[in-house]
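Student: I would like to go through this model and test each label against its cut-off. Please show the structure first.

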Amino acid sequence: MPVDWDLAAGTGARLVPAGPAVTPAQAATEVARLRDGARVSEQHVRALTGLGAGLPVPEADVVDRPDWIRSAVDGIAALLDDAPVPRPPDGLVGDAVGRVTRSAAGIQMGTLLAFLGSRVLGQYDPFGGPERAGRLLLVAPNVVAARQALDVDADDFALWVCLHEATHRLQFTAVPWLRDHFRTEVAAFAGGFDRSASGAVDRLPEIVKAVRRDPPRDGLALVEMFQGAEQRAVLDRLLALTTLLEGHAEHVMDAVGPAVVPTVATIRARFTTRRRGGSVLDRLLRTLLGVDAKIRQYEQGRVFVDHVVDQVGLSGLNAVWTAPETLPLRAEITDPDAWLRRVHA
């Protein structure tokens with residue numbers, strides 16, 4: 001769908017709530033803590049995983065909430081550059097329809113990013129930035145707010161967050177083919193929306209019967225019902241890949257251990273409780289926006305990675321980065337022994 005990206009960025013920046021109040025001195029301390037944490041954490045991630053030896057370590061960008069939203073818009077737009085965009089009909093009517101569609105999509109995107117912009121602690125964006133060479137973003141107000149809510153050590157929490165994001169940066173910089181592979185899969189998925197939508201109209205009676213017989217457990221299951229076989233196959237590959245990436249980062253941020261983050265056990269326990277909590281409205285919004293599905297990705301991915309590492313070590317897990325063919329299938333995410341038999345037989 002065509003999107004007015006400028007409107008999306010402006011809408012998100014206007015709607016996102018302000019972060020916690022801090023003095024200029026406190027803000028400067030937080031920025032320095034996060035920048036140092038990003039540098040230090042990548043060295044620990046490399047030592048643990050065996051990935052990325054000799055690669056440069058770029059500086060992280062410490063941003064506020066509106067800056068994160070603007071960067072997210074840039075990254076999403078860059079990622080979707082390769083996806084085919086349907087053209088509206090020619091003429092004045094077509095032009096008007098196109099403008100309305102782009103504006104509506106921009107407002108929807110901005111509203112979504114405003115919700116997420118108060119929650120995202122950090123992000124490695126392999127597709128954004130001035131030269132689209134990748135940026136590690138750390139959202140200082142959200143790190144401060146989360147730390148205050150959890151009542152945990154400031155230095156430990158900053159480094160723990162940085163370990164997660166540094167792992168994502170290393171995944172995309174130490175695995176040469178991963179960035180282009182991910183972009184290609186997203187473009188293939190986005191390009192199939194029109195075909196899936198038209199096919200879903202023909203299958204609507206069948207879909208309604210299926211929903212009545214077996215109501216979908218979540219929004220993702222409902223989305224899958226409206227997709228054709230080709231697009232479902234692409235979605236399966238994307239879900240498996242993103243679940244692996246998140247699970248790998250979750251494993252690493254804790255496996256680095258208490259020698260680096262002394263209060264890691266306390267942070268993990270409190271963070272997991274907070275991640276699953278929230279008001280009824282907050283949980284509803286998270287479900288509608290797919291955030292709860294993302295949380296399940298963290299959990300499923302970590303179980304996969306923990307099991308594989310337990311069986312064949314981190315060096316054996318690194319076989320996933322050999323080629324697209326060695327990535328886990330979606331079914332293997334919940335059956336890691338199947339991946340082990342296929343790749344390590």
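Student: How many helices and strands does the chain have?

Tutor: The secondary structure comes to 15 helices and 3 strands. Helices are DSSP runs of H or I with at least four residues, strands are runs of E with at least two, and both are numbered from the N terminus. This is a predicted model, in which local features need pLDDT of at least 70, side-chain atom pairs count only at pLDDT 80 or more, and totals for chains, interfaces and linings use all residues. Residues are numbered from 1 along each chain as its sequence is written, and side-chain values use heavy atoms, with hydrogens and water left out.

Student: Why is T243 called buried?

Tutor: Buried means under 20% relative accessible area, exposed means over 50%, and partly exposed is in between, with a 1.4 Å probe and protein chains only. T243 has a relative accessible area of 4%, so T243 is buried. The residue is found in helix 10, residues 229-255.

Student: What makes the pair T243 and Q297 a polar contact?

Tutor: A polar contact is a pair of N or O atoms within 3.5 Å; within protein, one must be able to donate a hydrogen and the other to accept it, and residues adjacent in sequence count only if both atoms are side-chain atoms. The side chains of T243 and Q297 make such a contact at 3.1 Å. Leaving out residues up to four places away in sequence, T243 touches Q297, Q300, G301 and I333, where contact means heavy atoms within 4.5 Å.

Student: Why is D151 called exposed?

Tutor: The relative accessible area of D151 is 61%, so D151 is exposed. D151 sits in the loop between helix 5 (140-150) and helix 6 (154-174). Its phi is near 55°, a positive value in a residue other than glycine.

Student: Why are P66 and D335 given the label they have?

Tutor: P66 has a relative accessible area of 22%, so P66 is partly exposed. The value for D335 is 33%, so D335 is partly exposed. P66 belongs to helix 3, and D335 lies in the loop between helix 14 (330-333) and helix 15 (336-344).

Student: Which residues does P66 touch, not counting residues up to four places away in sequence?

Tutor: P66 touches A13 and V16 on that count. The C-alpha atoms of P66 and V139 are separated by 9.7 Å, with the two residues 73 apart along the chain.

Student: How do you know that strands 2 and 3 pair?

Tutor: Two strands pair if DSSP finds at least two bridges between them. There are 4 bridges joining strand 2 to strand 3 (residues 135-139), and these strands run antiparallel. Among the bridge partners, Q123 has L137 and Y124 has L136.

Student: How many bridges join strand 1 to strand 3?

Tutor: They are joined by 3 bridges and run parallel. V62 has L138 as its bridge partner in strand 3.

Student: What is the order of the strands in the sheet?

Tutor: The 3 strands form an open sheet in the order 1-3-2, with mixed pairing. Strand 1 (61-63) and strand 2 (122-125) are the edge strands, each pairing on one side only. The twist averages 25° from one strand to the next. Helix 3 (residues 65-79) packs on the sheet, touching strand 1, strand 2 and strand 3, and its direction makes about 150° with that of strand 3. Helix 5 also packs on the sheet, touching strand 1 and strand 3, at about 45° to the direction of strand 3. Axes are lines fitted to C-alpha atoms, for helices over the stretch in contact, and angles run from 0 to 180 degrees between N-to-C directions.

Student: Which residues touch the most other members of the largest nonpolar core?

Tutor: A nonpolar core is a set of buried Ala, Val, Leu, Ile, Met, Phe, Trp, Tyr and Cys residues joined through side-chain atoms within 4.5 Å. In the largest, which has 63 residues, F157 and W160 touch the most other members. A second, separate core of 13 residues includes A8, M109, L113 and L137.
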